[in-house]
Amino acid sequence: MTFDEARAQFPVLERTAYLNAGTNGPLAGATVAAFLAQAERDLREGRSGRAYFEQMLARREEARQGFADVLGVEPSHIALVESTTRGCTVVLTGFGLTAEDEVITTDQEHFGLIGPLHASGARVVLAEADEDAILGAVTGRTKLIATSHVLWTTGRRLDLDRVKRESGLPVLVDGAQSAGAMAVDVGELDFYTVSAQKWLCGPEPTGALYVRDVESLRIVAPSYSSQASYEPSGAFVPKEGAVRFDSGWIGAATLVGLIAAFGTHPDWRYERAAETAATCAELLGEHVEVVTPPGHSTLVSFRPPGDPTELVRRLEERGVIVRELPGRNLVRVSCGWWTSAGDLDRLLDGLGG
């Protein structure tokens, strides 16, 4: 598949320089077609019957395999959840944290992680978003390290393999800005979340949670998928593998749309996205202060010379979609594998007013 053929899958790119996959990726024609075809089928034939549900269960396993391929793991370690936020919640509620425990995170995290962290009841320790700072915050009370692989603010990528290796502690990873944007090797990391509507260009709400050792978590919010068998009292035998942490049913249309989205990404996607982000940072660096370290991610965040809200509005009027990071005086550009040189030219032209 050539770049032009791959890019043509996304109709929004015909008129827009869409540079905000860090929030929501563009939808491909095949993804929407699959979604609509299933919705039309359900409209005509209903949503019932043994064959219908058996097909749905098979498609869940197809989606599970799709997420496993993204992370390079076995599908038995993948739970289907709605979002990275839900994945973080599954881990933090199931980990058995108490007020006597400490969890280390950074001062650059999204509420999707720090909200569940706060609600966990553990003592939350904030460290600078730096490997040395995270490791330096470890004490005898530390039970878990929870942080992003790629920071949603600056686009910095943390060396979490080093954090895991040198701390010896369980590590929960918010993968919202990494999974689907760059090649991921979970290695010895314990928990890794995926948000499919971002860099994987899937429908909402879809996501996944990788669990290295399923016995390390309690099931605190069981869904029907959690049980292999159950009693009238509600006592149940958990299913084998991470499927026990599936957060619930996924609508048929959403599920087939997700599966279709997995098939839209070319083999060269990660190399192309990294090269485009590097070019974007270099071009922007001639005009504004870029805060994303070189080569770290597909996000490029910068400090505009004026009001970031006004700049984002002005760019949108010109058909250039980027994201302001409120309260941080930053504008964030998301460079996908579909981003063209023309998109970057439009961004630069818009900066000039």
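Predicted model: local features only at pLDDT ≥ 70, side-chain atom pairs only at ≥ 80, totals over all residues.
Let me begin with cysteine 88, which is buried, its relative accessible area being 0%, where buried means under 20% relative accessible area and exposed over 50%, with a 1.4 Å probe and protein chains only. Cysteine 201 is in no disulfide, the nearest cysteine sulfur being that of cysteine 335, 14 Å away, and a disulfide here is a pair of cysteine sulfur atoms within 2.5 Å.

Residues are numbered from 1 along each chain as its sequence is written, and side-chain values use heavy atoms, leaving out hydrogens and water.

Turning to helix 9, residues 269-284, helices being DSSP runs of H or I with at least four residues, numbered from the N terminus, its buried residues are Arg269, Tyr270, Ala273, Thr276, Ala277, Cys280 and Leu284. They cover an arc of only 130° around the axis, which puts them on the same side of helix 9, the arc being that of the directions from the helix axis to the C-beta atoms. On the other side of helix 9, Glu275 and Glu282 are exposed.

Finally, serine 167 sits in helix 7, residues 160-167, and its side chain reaches the backbone oxygen of valine 163 at 2.6 Å. Leaving aside neighbours within four places in sequence, serine 167 is in contact with Leu135, Val138 and Ile145, contact meaning heavy atoms within 4.5 Å.

Terms used. Helix = DSSP H or I, 4+ residues; strand = E, 2+ residues; numbered from the N terminus. Expected span 1.5 Å × (residues − 1). Polar contact = N/O pair within 3.5 Å; in protein donor to acceptor, adjacent residues only side chain to side chain.
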